[in-house]
Amino acid sequence: MRVPQRLVTLREQRVDPFLRSFEWTWTTAVLIAVGLLFFTLISMVILPSFWMYFAEQKLGWGGPSGGGDWWLELRDAVAMGLVTGPFITVLVASALLQNYRRKLRGSGGDTRPTGGYR
């Protein structure tokens, strides 16, 4: 997939220098942790709850699961996707950012930060 040249230059001029020179302090760590807390609370608790109420009241998909109706199973599958999706997204995004930052600093993306044998 081709990325427009404007996005490449913006990444090289703004994102790469920021990631290369970023250092954690207690203040930034606490602020980012609080932001992640609110993101996970809203996306993993409030959105699935809203979906369950919406599916039961507006769509008429009420009742206990396992009754043989496919829409009840679909309702539960969407709710579980809303719960697990943000959690997996945070894990994958943090791993990708950490590896990209390591590559920018010149230590390679596939090295282990704690050492050890392979």
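**The pocket, the helices and the core**

Let me begin with the largest pocket, which has 15 lining residues; Trp 24, Ile 32, Ser 94, Leu 97 and Gln 98 are the ones nearest its centre. Please note that this is a predicted model. The space in this pocket comes to about 520 Å³. Helix 1, helix 2 and helix 3 each contribute at least two residues to the lining, and helix 3 gives the most, namely nine.

Which residues form the largest nonpolar core? There are five: Trp 51, Ala 55, Trp 61, Leu 72 and Ala 79. Helix 2, residues 26-57, and helix 3, residues 70-105, are the elements that each give two or more residues to this core. Beyond its neighbours within four places in sequence, Leu 72 is in contact with Trp 61, Gly 62, Gly 63, Pro 64 and Ser 65.

Finally, consider Met 52, a residue of helix 2. Is Met 52 buried or partly exposed? Its relative accessibility is 23%, and therefore Met 52 counts as partly exposed. Setting aside residues up to four places away in sequence, Met 52 touches Arg 75, Asp 76 and Ala 79. Between Met 52 and Val 78, the C-alpha to C-alpha distance is 9.0 Å, although they stand 26 residues apart in sequence.

Notes: Residues are numbered from 1 along each chain as its sequence is written. This is a predicted model: local features need pLDDT of at least 70, side-chain atom pairs count only at pLDDT 80 or more; totals for chains, interfaces and linings use all residues. Side-chain values use heavy atoms; hydrogens and water are left out. A nonpolar core is a set of buried Ala, Val, Leu, Ile, Met, Phe, Trp, Tyr and Cys residues joined through side-chain atoms within 4.5 Å. Buried means under 20% relative accessible area, exposed over 50%, partly exposed in between (1.4 Å probe, protein chains only). Helices (H or I, at least four residues) and strands (E, at least two) are DSSP runs, numbered from the N terminus. Contact means heavy atoms within 4.5 Å. On a 1 Å grid over the protein atoms alone, a cavity is a set of points where a 1.4 Å probe fits but cannot get out, and a pocket is an open set with protein on both sides within 12 Å along at least five of seven lines; lining residues have an atom within 4 Å of a point. Grid points are joined across faces, edges and corners, and a volume is the space filled by probe spheres set on the points.
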